[in-house]
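I opened this model to look at two things. The notes below are in the order I made them.

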Amino acid sequence: MTTLDSPKTTAAAATATLTLDGATVEFTLGETLYEVCQREQRHVPTLCYDERLDAFGACRLCVVEVEGVRNPVASCTTKAAAGMVVRSNPARIDKFRRTLLEMVASENRETEVDAERGHASQELSGLIERYDARRDRFRGKQSGKSKLDDSNPFILRDYDLCISCYRCVRVCAEQEGDYAISIKGRGFHTQITVEFDGDLRESACTFCGQCVQTCPTGALADKKALEAKELPGEIELTRTVCPYCGVGCSIDLMTKGDKVIGSRPAMDGPANRGALCVKGQFGFDFIQHPERLQHPLVRGDDGELRRATWDEALDRAAKGFVEAKKNHGRKSVYAIASGRAPHEAAYATQKFVRVGFLSNHVDNCSRS
Amino acid sequence: METGGTRPGEGTSITTHDEAVAAADKDIIEAHANEPAPLLPLLHAFHDRDGFLSEAALRAVASGLRLPLADLYGTVTFYDHFARFPPGKAAARVCDGPICMLRGSSAILDALRKDGATPMPCAGRCDDPCPVLIGDQVLVGSSADALEERPSKLPVPNPGGYEECLFAAVRDPARKTLEGYLATGGMQGLARAVEVGAASVIDVIKDSSLAGRGGAGFPTGVKMQAVRDAVCEHLPTTRYGARKYVVCNADEGEPGCFKDRVLMDHDPFALIEGMAIAALATGATTGFIYLRYEYPQTQNVLEEAIAACVARHYLGSDVLGSGKSFHLYVRRGAGAYICGEETSLLNSLEGKHPFPRNKPPFPTTHGFDSMPTLVNNVETLCALPRILVQGAAWYRDLGLGKHAGTKIISLSGDVQEPGNYEVPFGLPLRTLIEDWAGGVPQGRKVQAVTMAGLSGGFLAGEALDVTLDEASIRAHGSFLGAGGIMVFDDSRDMVEVARQAMAFFAHESCGKCFPCRIGTQRLQERLEGSAGPTNHDDFLAELGDISEVMMSTSACGLGVAAPLVVTSLIKYFPDAVAAHVARTRNR
C-alpha cells in the first residue's frame, strides 16, 4: 500500500539521457519517445495522437527505431529510458510511413476536405502531401459508411472519410465524459456509431463538438461552418474568450470577410484545452441571424415599437433612468447583461450601473 | 432508465408484462453482478435466455453494471457469437476453417443455410471435421444429415514410443473424476507445492526450462517469479481489493489447433491442479479459465471438476490445508480470435472493448484489474503437476538432444491419422507426418504444411526437413507457436488456401492498429483477385509493401504474423502466384 511516509517526489524531476539521431538528449523520466522527439523538433507524423488523450498506439505512423529492439516501436506509447539509442527517421521508417499513408488513403472516398470541417481536418491530407503518398495504390473496398441522414443540426457524420483512429471515441470518453460514441464491429468493418446505431440526438451526445475538432480527416464535421464553405476568401481565426459563461474557454472565432462562420476551441486555451460546450461550439449563428435587431426601436404613444435614431433612443432611455433614480432612488435600477453580447458590452454595463447609480445591482445571464 | 417503477396513481397490485420482464432481468443481473469479471457471464445469461441480446437486455446490463450503454453496445458487436437479433443462437454455425473446407463444410453450410446457418471460423475439431455449433451443442460429421455429438478424439498411444508428460495419463478414462484422478497420481504435484513452498516451486519450473506453450515461448518460471515479486501498490484498492490473479488462456482460436480441448476434456483436473500450483507459487488468490465459445461441453466438464475440487478443498479458501485461498472461475468467450492475445483477453474479462493493450506494462505487473497476473496457456499449466512430481531434470530430458521437454502438436489435413501428438522437442517434422501420422494419402506428396496453426505461414520444399523446435523453424522464417500443423498434399490449390487464411485474419483483425486493419483486408482482396494490380510486378510490390509494414509496425502478434501466409506463398509457390495474377488479368 502507498503510505504517507513514502518518499516525496523532489522538486526537480529526475532526468536521464538517451541518444536521438546521434545526439545526446536529456529527458525527464516518464516522458515518451514521442514527447522527446517533439521537444527536439523531430518531425514524427501521427494520426491517432491527441496530446490531451491517453496515448493509443493505433496509427503506427509514429514508429521509431530503438537499437536492440527488433521491430520499430510506437513512440507515443514507449517511455524513454536511459541509454536508449533512437533513430526517429531512417529511410526504412520513412518508407513505412509512406506505405501506411497510402493504405489509409485507399480506404477513403477522398482525402482533400474543406477546412471548415474542423480544427484537425487537414491532418491526413497534410501528411499525404508531405510524404508524397500515392492515392492510386492499394485499391479495394472502402471502410466506414456515412450517416448523412442524421438530423442533428450541428455534426456531420461523414464516415466514408473515417480512418478508425478512435480519437472521437476517446475524446468523448476521456475529455467530455459522455461515453456517447461506440466502436461497432471489428477489423476493416469497424464503424464509428452510437448505441443501437441511432441518431446523435437520441444518444448520450451533448454536442460539445470535441469529436469534430479532433477528427483528423473531417469525417466528423461542423455542419454550420460548412454552410459557409462557398463564401469567398480564407478562413480567419481570431482568438477570444467564449462569452457564454464564467469558465472562460478560449475560442478561435472563425470569420470569412465580415461574416462569423463558426467557432473552434483553442487547443491551448488555459481553461478548456480544446473543450467547449454546445453553446460555445455551435451557438454563434445569432450574429448573422435575419431576425436580429439591427437598429434602435422606441415605443410610440400607441404602444407599438417603431424605428428611431440613436439620439432619440438614447435620450428616451436616459430620461427613463433619470426619472427612476429621482423617484425611487439609486437602487431602483438593476441591469442584466446578455451572454450573447461582447465582453466590452458586459464591461460597459457594469460600469454604467456602478458609476451611474452607485449600486451593485448588476448581473450577467451567464454568471457561473 | 427506470423500467420497474410505478407512477403514483397507478395500480400497484397489477404486474404488467414489462414489469415482469424487468424483474426477471433484475434477477439475472443480481445473480452475476457481484462475482468477479461479471460482464461475460451476464451477457451469456441473457443470450442463453433469449437467444440473442435485445436492446432491453443491453439497457438492463448497462444500468446494472453501471457501464456506458454506447460502450457496451460496441463491445457486444465485437464478438462473433453474440447475436443481436433472432434466430441468433438457435441458428447453426458451420466451421469454415481450412481443414473443414477440404472436408465438405461448404456443402453442410449450404444444406443448413435455409434455417439461418452461417459460417464460423475454425472451431477446433480439425481432427474430427466438420463441427456445427447449434445452441450449446457441438455436432460433427461429414455431411448435414450425418451430424452427431462425439467426444473429443483421444490421442493415439505415442507412435514413437517416447515418454510423455501431458498425455501420459490422458487416455485413462478414470481421469475424468476426482477420485480417478487421485487414484492415478493426481494432486501429488499440488501437495508437493504446498510442502516445498513457492520459492522452491518456481526454482523447479525455471530449472525445467518449461516455456509458454501458447506460442510465445516465454520462460514460465521467470514469469511466475515476476508475478510473485510484483507489488500491488500501483492501485491500492480496486473493487476486489489488491490481489494477484492466475488466468488460463483457453481461448484456443488459432485455426488448426485443438490440443487444449483434448487436455481439458479428458484431463480437466490436471489443469485445475496446475492452476492451483501456479497460484501458490505466485501468491494469486483468484483464477479464471478464459474458454473459447466454441467449446461448450468443455465448460461443463471444467465447472463440474471445479465444484468437485472445491468440495474436497483442492480449491477454495484453504487449499490443501495450506491456509492459502484460491478461487477459480470459468469465463466463456464469445467468438474473437484476438482474445487469445493475452491483453485482449484481460480486457475481455474486465468487460472492456477487447483491443490489445500497449505493452509495457505487462500483465505480470498490470494484468486483470491492473493487478499482477500470470497468464498461461492450458498446455503450460497442465505440465506443472508432473514436473513438480518428477523433477526438472526428468522434464528437460524428455526433449531430444539439447532440446528440453515436449510439445503437443495438433496435426491435421492430408494425413492418414490426424490428431494430437505429444512430441519431444527436436523431432523431425517428416517423422511426425510420415511415421507417426501415416503420411499423406496414397500416391500423393506433401506440398506444404502450415506452422503455428496459420500464423506461421507455410513451409514447403526443403524447409519440410525442419525439426520441431523454435530454433529450427525460425531459421526458415516461421515459428512453431501453439503447435498447429496442417498438411496439404499436392492436389491442393495453395493460393486458395492462402486466401482462406487471409480471410480469417481479416475477419479476426480487431481494428485497432492501421497496418493490420487495412493490411489484412487488402491482402485478402488481392488473394481473391477482387482488387489490386493485374500486372505481376505491381502485384508483388503491393503485397511486399503491405506485408513488410504489417510485420514491422503492427501493434500485436496478429498483424505481425498474418502476412507470413503471403510471404511464404510467394517464396515457395511463385508460379502459382503468377498464374493467379494472370487469371485476375483475364477476368
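My entries cover the interface first, then one glutamate.

**Entry 1: the interface**

I worked on a predicted model. I looked up the contacts between the two chains. I found 52 residues of chain B in contact with 49 residues of chain A. Together the chains bury about 4100 Å². Carbon and sulfur atoms carry 58% of that area. I then asked which three residues supply more of chain B's buried area than any other three. They are B:Tyr73, B:Phe514 and B:Arg517, with 17% of what chain B buries against chain A.

**Entry 2: polar links and make-up**

I counted five salt bridges between chain B and chain A. One of them joins the side chains of A:Lys95 and B:Glu548, at 3.2 Å from N to O. I also noted 26 residue pairs in polar contact across the interface, both residues at pLDDT 80 or more.

**Entry 3: B:Glu294**

I located B:Glu294 in the loop between strand E6 (286-291) and helix H13 (296-311) of chain B. Is B:Glu294 buried or exposed? I call it buried, because its relative accessibility is 8% and the cut-off is under 20%. Its side chain makes polar contacts with the side chains of B:His81 (2.9 Å) and B:Arg292 (2.9 Å). Leaving out residues up to four places away in sequence, I found B:Glu294 touching B:His81, B:Met120, B:Ala123, B:Val138 and B:Gly335.

How values were computed:
Residues are numbered from 1 along each chain as its sequence is written. Chains are lettered from A and ligands numbered from 1 in the order in which they are written. This is a predicted model: local features need pLDDT of at least 70, side-chain atom pairs count only at pLDDT 80 or more; totals for chains, interfaces and linings use all residues. Side-chain values use heavy atoms; hydrogens and water are left out. Contact means heavy atoms within 4.5 Å. Buried area is the accessible area (1.4 Å probe) that two parts lose on being put together, summed over both. A salt bridge is a side-chain nitrogen of Lys or Arg within 4 Å of a carboxyl oxygen of Asp or Glu. A polar contact is a pair of N or O atoms within 3.5 Å; within protein, one must be able to donate a hydrogen and the other to accept it, and residues adjacent in sequence count only if both atoms are side-chain atoms. Helices (H or I, at least four residues) and strands (E, at least two) are DSSP runs, numbered from the N terminus. Buried means under 20% relative accessible area, exposed over 50%, partly exposed in between (1.4 Å probe, protein chains only).
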